[in-house]
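This briefing covers one chain and the interface it forms with another. The sequence and structure come first, then the points by topic.

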Amino acid sequence: MKESILITACQRGDRKAQEVLYSEYADSMYRLVWRYVKSQADAEDIVITGFVRIFKSIDSFRSQGTGSFGGWMRKVMVNESLMWLRKQHNFNLTESLEDTFNEPDLEAFRDLEAEDIYQCIAQLPTGYRTVFNLFVIEGYDHREIAEMLGIQDVTSRSQLFKAKSLLKKMLTQEGFHYGT
Amino acid sequence: MERNLENFFSEKIRLAEQKPVTWNKDTTWHLVTMSLEPQRKRTPFFYAAACLLMLVMLVGVQIGSYQADVDVKLTPLAASPIRPSSYLPIEEECKVTQQRVVNQTTHTTLPHQPEPEQITDPLPEPTESIDRWIAAESTETSLQPFPADEKTPEVQAVEPIIGIIIPERKTDKVVTEKKVKFRWFKPQEQNGLEPPDTNVKNVFARIN
């Protein structure tokens, strides 16, 4: 079924169309959420609330071309994940960044498979992982991340820097596991 | 260079997210539908349950107040013992009542009443009886307590009266009037040397 027809049917409240939409996007949304919360039960709860929010606010969606609906759904799921994380974690408890440090080189990650990268990201601490996901995977800048997490820009930069440093250590040190 | 690496990560991760993964997909969908439906289904049940609860409470309160009224009305009746064995069915009761009426109209005999005894003692003297009556009434009057002032609840100091109150009756009093003749005697007349002059005017005085 064409995506626009599916969206129109969902806007009418058609339960069949909602089920088709769910079947198409549920796996990717679950993976996305799991990358933030790192727990299957919590990820499933967030997926439930996320899809409920999607189906309730689908009337406000305005199509802007191919793939815009997928991006809109990802945004909703990321917001739900951040809402859950803000209840569990204080993003302000971070150290300041020392500008003298050089950026870690992540060229070695190019040789890794997607699943390996996925597992490495999952081992990062919550603050580092969240900022890394938002900046590298979702494409937000530091100002937007600071606004979303309620932190300062410099804190976001610091978190990203430390996340990259830890990922590099994971590559260079065999059997290194770090995370909360 | 750095930005290219980040784009590489992003693409790799997004591709990895497209692969199927094992999780409770069907259960999650069921919970999603449950979360979407209840607002339409539960609301009427909620209002119906609330109305039913209010109705039950209202009926309970009314039954409670009615029971209290019945208890208050039956309390004096409960004090008198009820003997159901002494009551007859209403038809028999009517027959018995009619028979009683017939019996009373045909065989009613007044009981013999003794004739009043005639007073043979002579009446006392009128003056003596009046004195006795006055004495008796005065003692009754003196023994009777003062009636309480019901209008004024305030306690007033009551001084006891010592003595006998005798009602004044004009009919009982004997009015006696005497005329006394006074005369002013001259000095010679006072000594008895001369007889009193009868031409001098007399002064009369009335003594009650």
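Which side chains meet in a salt bridge at 3.8 Å, N to O? They are those of A:D27 and B:K25; a salt bridge here is a side-chain nitrogen of Lys or Arg within 4 Å of a carboxyl oxygen of Asp or Glu. This is a predicted model, in which local features need pLDDT of at least 70 and side-chain atom pairs count only at pLDDT 80 or more, while totals for chains, interfaces and linings use all residues. Residues are numbered from 1 along each chain as its sequence is written, chains are lettered from A in the order in which they are written, and side-chain values use heavy atoms, with hydrogens and water left out.

**Interface of chains A and B**
- Contact (heavy atoms within 4.5 Å) links 40 residues of chain A with 32 residues of chain B.
- A:R15, A:Y22 and A:R110 supply 18% of the area that chain A buries against chain B, more than any other three residues; buried area is the accessible area (1.4 Å probe) that two parts lose on being put together, summed over both.
- The buried area between the two chains is about 3,400 Å², and carbon and sulfur atoms give 61% of it.
- The rule finds 3 salt bridges across this interface.

**Chain B**
- Chain B has 6 helices and 2 strands, taken as DSSP runs (H or I, at least four residues, for helices; E, at least two, for strands) numbered from the N terminus.
- Their order along the sequence is α-α-α-α-α-β-α-β.
- Of the 208 residues in chain B, 9% are buried, meaning under 20% relative accessible area with a 1.4 Å probe, protein chains only.

Notes: Buried < 20%, exposed > 50% of the residue type's maximum accessible area, 1.4 Å probe, protein only.
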